[in-house]
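Please look through the model below before reading these notes. Each point takes up one part of the fold.

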Amino acid sequence: MLGCAGIVGSRWTVLLSESSLTLAVVGKLVEWWNAIGWSQLWRWDVWWRALPSHLQGAKVTLGLTSISVFMGIVLGTIIGMSRLSRHRWLSRPAAVYTDFFRGTPLIVQIFVVYMGLPQFGIRLSAWVAAVVSLSLNSGAYVAEIVKSGIQSIDRGQFEAALSTG
């Protein structure tokens, strides 16, 4: 019983020390905001002037996302089906593709497409480079989803589907 009380006591000690640290940080933030004045933090005229830029950025983001996700689904479905192929010349490159694009950070992929390809004479606009890199990244994840989804189906289910035509 003594050992259990030691564990519970140490958990409370950690919880209390984390809580006191959080309160100290919040206290310092409030002290800082009071020093500069709350009116400087919430300047609504600045917010209203920036609103059109934020709405334009949201429009660009939605456009990039919708095109990239659609292209990623198409590409990922093809690659995912290729990963399940019995032919090594199809499954190996698909595995390398998914491992590479899932294993490297998206920001690196964007930099390579936008700044690396011009070294080889391939120049893309910022919009096209963003769509290409986001689609390739999305396609790798969708390929794994498709492959896993198909592999999760029981063998008996496949046989039943084949028997019904």
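1. In H3, the buried residues are Leu64, Ser68, Gly72, Gly76, Ile79, Gly80 and Ser82. Buried means under 20% relative accessible area, exposed means over 50%, and partly exposed lies in between, with a 1.4 Å probe and protein chains only. Helices (H or I, at least four residues) and strands (E, at least two) are DSSP runs, numbered from the N terminus. An α-helix has 3.6 residues a turn, so residues three or four places apart point the same way.

2. A word on the source: this is a predicted model, in which local features need pLDDT of at least 70 and side-chain atom pairs count only at pLDDT 80 or more, while totals for chains, interfaces and linings use all residues. Residues are numbered from 1 along each chain as its sequence is written, and side-chain values use heavy atoms, with hydrogens and water left out.

3. The protein chain has 7 helices and 0 strands, in the order α-α-α-α-α-α-α along the sequence. Of its 165 residues, 19% are buried. Among contacts (heavy atoms within 4.5 Å) with a separation of 6 or more, 69% join residues 24 or more positions apart.

4. What do the buried residues of H3 pack against? Their partners are helix H4 (88–103) and H6. H3 itself covers residues 44–83 and has a kink of about 40° at Leu51, shortly before the proline Pro52. The bend at a residue is the angle between axes fitted to the seven residues ending there and the seven starting there.

5. Two packed helices are described by the angle between their axes and the distance between the axes. The axes of H3 and H6 (residues 126–151) come within 5 Å and cross at roughly 40°, which makes H3 oblique to H6. Axes are lines fitted to C-alpha atoms, for helices over the stretch in contact, and angles run from 0 to 180 degrees between N-to-C directions. Angles under 35 degrees count as roughly parallel, over 145 as roughly antiparallel, 65 to 115 as roughly perpendicular, and the rest as oblique.

6. The crossing of H3 past H6 is right-handed. A crossing is left-handed if the near helix is turned anticlockwise from the far one by less than a right angle, and right-handed if clockwise. The contact of H3 with H6 has 18 nonpolar, 9 polar and 3 charged residues. Here Ala, Val, Leu, Ile, Met, Phe, Trp, Tyr, Cys and Pro count as nonpolar, Asp, Glu, Lys and Arg as charged, and the others, Gly among them, as polar.

7. H3 and H4 have axes that come within 7 Å and cross at roughly 130°, and they are therefore oblique to each other. H3 passes H4 in a left-handed crossing. On the H3 side, Leu75, Ile79, Ser82 and Arg83 meet Leu90, Ser91, Ala94, Ala95, Tyr97 and Thr98 in H4.

8. For H4 and H6, the axes are 9 Å apart and the angle is about 120°. H4 is thus oblique to H6, in a left-handed crossing.

9. Leaving aside residues up to four places away in sequence, Gln109 touches Phe100, Phe101, Thr104, Ser133 and Asn137.

10. Helix H7 (residues 155–164) has 10 residues and the number buried is 0, so H7 lies largely in the open. Gly165 follows H7, with a positive phi near 100°.
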